[in-house]
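This report is meant for a reader meeting the structure for the first time.

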Amino acid sequence: MVASLDNVRGLTLAMSSSAFIGSSFVIKKVGLKKAGDKGVRAASGGFSYLYEPLWWLGMITMILGEVANFAAYAFAPAVLVTPLGALSIIFSAVLAHFVLKENLHMFGVVGCILCVVGSIGIVLHAPKERKIDSMKEIWHLATQPGFIVYSCVAVACVLFLIFRVVERSGHRLMLVYIAICSLMGSLTVISVKAVAIALKLSFSGSNQFIYIQTWFFIVVVTICCLVQLNYLNKALDSFNTAVVSPVYYVMFTILTIVANMIMYKDWASQAATQIATQLCGFVTIVAGTFLLHKTRDMGNPPPPDQVCLEEARECAPRSTNSSS
């Protein structure tokens with residue numbers, strides 16, 4: 001399949017985004033360690049990292065990554081851009097291995113290879129970006145019955161989960177928080193893509209910010225992002241990150257692809273074999289992501305607090321037996 005120029009631009013931006021975001025985690029961690037050596041650690045409520053240049057370099061790198069990701073949606077379909085977000089995990093894991101001396105277990109290497117293989121499969125068979133000349137075309141797609149039904153169902157599910165389920169089961173069921181984040185995330189990507197296309201057309205000389213629809217999408221992006229970040233923070237605070245991250249990635253990516261299929265109909269011009277290859281690539285990335293997250297601590301020595309706790313547990317029965 002011959003890739004279009006827009007797809008190549010979107011692919012380049014998506015991979016740059018993953019490189020920047022993956023690197024930012026490592027750079028910020030180095031900054032946090034240096035700041036912790038000088039003052040109170042961030043985990044203990046300290047803010048000394050705000051005076052550490054490396055931490056700010058990490059923040060700038062992350063912002064550059066998010067900007068590149070935003071721009072990628074203006075050139076390539078979400079089917080191509082969204083799954084490639086998993087590549088940031090590879091950049092982070094490899095850099096952490098060399099910079100932070102966090103050992104990358106053999107299973108972690110296999111996970112990286114799976115992510116790369118899956119990404120190649122998606123890239124080689126990704127659909128071409130739909131040509132859009134104005135915000136009115138995007139609005140026409142967004143007001144089709146299929147996408148209106150999807151949006152209403154997504155919003156209704158989110159409201160039901162927030163007002164009826166979160167208070168009773170949110171602290172016990174991880175999927176409650178992740179479902180809210182993923183449903184909002186799918187609408188965020190749809191709106192981000194619309195705004196990104198509006199910016200691209202505006203820079204080309206056709207101002208799209210004269211349309212109220214453009215500002216509508218900007219408002220949707222703002223609201224969805226705030227809700228998404230709020231409940232993602234709650235999920236990370238309540239459950240194991242090694243489980244939250246891959247599950248959120250899978251659910252978010254699936255719902256985002258479904259939403260884009262309904263609205264932009266990216267797969268309409270593709271053969272069944274191409275669609276099947278993309279799905280296989282996505283499943284391969286999912287497998288690699290789970291493997292990377294589940295094995296990321298293998299090969300690393302446990303933290304001192306955990307060692308002390310384990311030693312205390314081992315010594316407790318001995319002291320009880322000696323006293324008896």
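## Exposure and a surface patch

A residue is called buried when its relative accessible area is under 20%, exposed when that area is over 50%, and partly exposed in between, with a 1.4 Å probe and protein chains only. By this rule Met 106 is exposed, because its relative accessible area is 59%. Met 106 lies in helix H5, which covers residues 106–124, where helices are DSSP runs (H or I) of at least four residues and strands are runs (E) of at least two, numbered from the N terminus.

Together with Val 109, Val 110, Ile 113 and Val 117, Met 106 makes a nonpolar surface patch of about 430 Å². Patches consist of residues with over 30% relative accessible area and no salt bridge, nonpolar side chains (Val, Leu, Ile, Met, Phe, Trp, Tyr) being joined within 5 Å and like charges within 9 Å. A salt bridge here is a side-chain nitrogen of Lys or Arg within 4 Å of a carboxyl oxygen of Asp or Glu, and accessible areas come from the Shrake-Rupley method with a 1.4 Å probe.

## The model and its chain

This is a predicted model, in which local features need pLDDT of at least 70 and side-chain atom pairs count only at pLDDT 80 or more, while totals for chains, interfaces and linings use all residues. Residues are numbered from 1 along each chain as its sequence is written, and side-chain values use heavy atoms, with hydrogens and water left out.

The chain has 12 helices and 0 strands, and of its 324 residues 44% count as buried.

## The cavity

On a 1 Å grid over the protein atoms alone, a cavity is a set of points where a 1.4 Å probe fits but cannot get out, whereas a pocket is an open set with protein on both sides within 12 Å along at least five of seven lines; lining residues have an atom within 4 Å of a point. A search of the whole structure finds 1 cavity of 30 Å³ or more, and the largest cavity has a volume of about 50 Å³.

Its lining includes Val 79, Ile 122, Trp 267 and Gln 278, and helix H11 (residues 272–294) gives the most to this lining, with 3 residues.

## The second largest pocket

The second largest pocket has a volume of about 330 Å³. Of the 18 residues that line this pocket, the closest to its centre are Phe 147, Ser 151, Leu 187, Phe 216 and Val 220. Helix H9 gives the most to the lining, with 6 residues.

How values were computed: Points joined across faces, edges and corners; volume = space filled by probe spheres on them.
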